[in-house]
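Here are my notes for someone opening this entry for the first time. Please read them with the structure on screen.

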Amino acid sequence: MSLLFSSHAQSQTCSRYSFSSNRVFKSCSDLPVLNSFLHYNHDSSGKLEIAYRHTGIGSSRWVAWAINPTSKGMVGSQALVAYPRTDGTVRVYTSPITQYQTQLQEGKLSFQVSDLSATYKNNEIIIFATLGLSNNGTTLNQVWQEGGLSGNTPQMHVTSGPNVQSMATLNLLSGETATTNGGGSKLRKRNIHGVLNAVSWGILMPIGAITARYLKVFKSADPAWFYLHASCQFSAYIIGVAGWGTGLKLGSESPGIRFDTHRTIGIVLFSLGTLQVFALLLRPKPDHKYRLYWNIYHHLVGYTVIILSVINVFKGFDILKPDEKWKNAYIGVIVALAFSAVVLEAYTWFVVVKRKRSESAGKLQHGVHGVRSQQA
């Protein structure tokens with residue numbers, strides 16, 4: 001659901017700002033992310049005079065404010081771009097955004113722009129411009145952004161957190177700013193993708209491996225341990241496929257935004273997980289001559305999946321940047337599982353060694369009785 005920011009509530013910060021050039025803007029809006037503010041004058045002819053302020057910005061970064069006349073989002077945006085030069089001046093220009101991963105090349109916009117200028121002082125960039133818009137609408141799709149510079153070339157902005165939430169509509173009459181559903185919807189999909197994969201690959205898979213590793217030592221748990229192990233791993237696979245599917249959907253909706261390492265590991269996990277599921281159908285009987293090789297394959301692939309799963313969950317945390325408590329909670333779960341595995345490993349070795357000693361003692365005792373019987 002969209003979040004509305006009323007003119008009165010949102011103008012409490014921007015309305016107190018006074019421009020050094022004594023310029024006056026009748027309306028203003030505090031934009032919800034990236035320390036940004038829009039001041040403007042608008043008349044019935046479609047003339048829009050704006051001052052876009054972006055605070056807390058370093059001298060090696062660019063800022064941009066844009067109107068998208070055709071849709072809500074980055075592609076199609078008509079942008080005003082500015083960044084400080086090393087000589088103390090500020091470069092400001094127009095840039096039509098036609099694709100993702102753009103370097104904000106200079107070009108003409110789909111509407112007239114005049115009086116374009118910019119200032120940089122006290123880590124604040126202000127872009128001034130007068131836009132000649134059509135007078136048949138009072139609601140604008142706006143996008144604002146910031147990113148780093150390589151020399152004098154703008155680089156790709158961050159593709160997570162506030163940088164993917166910096167889209168909103170602006171009602172020029174009321175001054176209300178509403179975040180677009182696109183950003184919120186995509187963020188929800190990212191969160192769902194993260195939760196599904198963290199629970200499946202990152203938690204259920206290790207639990208299933210622990211179940212198989214340590215329960216089968218107890219003869220009384222046979223064959224219950226196998227069904228528990230298979231159920232846990234199959235559930236993890238089904239949930240993981242759902243998470244993988246949401247990842248593919250996010251990728252198709254975000255052309256140009258790529259997380260190559262995370263994506264590659266995800267594809268490898270899906271492939272190996274699928275092989276594990278089909279390998280169960282080819283599982284030889286315990287006394288079969290190929291069972292040893294199947295066990296080696298099954299264990300090798302299984303532990304590889306677990307290691308890659310944990311790595312990819314942390315890659316996901318780096319991309320989503322959720323509250324630190326979620327990352328700490330997952331770390332706590334992994335530490336608890338690792339500690340349980342260490343304790344169970346020690347106990348398992350104790351049980352196995354004790355059992356072997358008991359069996360050896362039984363054989364020895366049986367041998368002694370046998371010799372005595374023969375002597376008698």
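1. Start at the loop between β2 and β3, where Asn-35 lies. The model is a predicted one. Asn-35 is not a glycine, yet its phi is positive, at about 50°. Most residues other than glycine have a negative phi.

2. β2 (residues 27–30) and β3 (residues 36–42) pair in the antiparallel sense. Four bridges join β2 to β3. Asp-30 stands opposite Phe-37 in β3.

3. Now take the whole sheet. What is the order of its strands? The order is β2-β3-β4-β9-β8, in an open sheet of five strands with antiparallel pairing. β2 and β8 are the edge strands, and each has a single partner, so one side of β2 and one side of β8 have no neighbour in the sheet. From one strand to the next, the twist averages 15°.

4. At the other end of that order, consider β8 and β9. Strand β8 covers residues 112–121, and strand β9 covers residues 124–132. The two run antiparallel and are joined by eight bridges. Tyr-120 stands opposite Ile-125 in β9.

5. The turn of this hairpin deserves a look. Two residues sit between the strands β8 and β9. Asn-122 in this hairpin takes a positive phi near 55°.

6. Another positive phi is found within a strand. Asp-115 has a phi of about 55°, although Asp-115 is not a glycine. Where is Asp-115 placed? Asp-115 belongs to strand β8. Asp-115 counts as exposed because its relative accessibility is 55%, and the cut-off for exposed is over 50%.

7. Turn to the cysteines. How many disulfides does the model have? The count is one. Cys-14 and Cys-28 form a disulfide, with their sulfur atoms 2.1 Å apart. The link of Cys-14 and Cys-28 is right-handed, with 75° about the S-S bond. A disulfide is a covalent bond between the sulfur atoms of two cysteines.

8. Cys-14 is in helix α1 (residues 7–14), while Cys-28 is in strand β2. The pair is 14 residues apart and links distant parts of the chain. Cys-14 and Cys-28 are both buried.

9. Is Cys-232 buried or exposed? Cys-232 counts as buried because its relative accessibility is 14%, and buried means under 20%.

10. Last, look at a pair of helices. α4 spans residues 260–281, and α5 spans residues 291–320. The two pack at an angle of about 150°, and their axes are 9 Å apart. α4 is therefore roughly antiparallel to α5, as angles over 145 degrees count as roughly antiparallel. The crossing of α4 and α5 is left-handed.

11. Which residue classes make up the contact of α4 with α5? The residues of this contact divide into 14 nonpolar, eleven polar and one charged.

Notes
Residues numbered from 1 in each chain as written. Predicted model: local features only at pLDDT ≥ 70, side-chain atom pairs only at ≥ 80, totals over all residues. Heavy atoms only, no water. Axes fitted to C-alpha atoms, helices over the stretch in contact; angles between N-to-C directions. Parallel < 35°, antiparallel > 145°, perpendicular 65-115°, else oblique. Left-handed = near helix turned anticlockwise from the far one by under 90°. Nonpolar A, V, L, I, M, F, W, Y, C, P; charged D, E, K, R; others polar. Pairing = 2+ DSSP bridges. Disulfide = S-S within 2.5 Å. Buried < 20%, exposed > 50% of the residue type's maximum accessible area, 1.4 Å probe, protein only.
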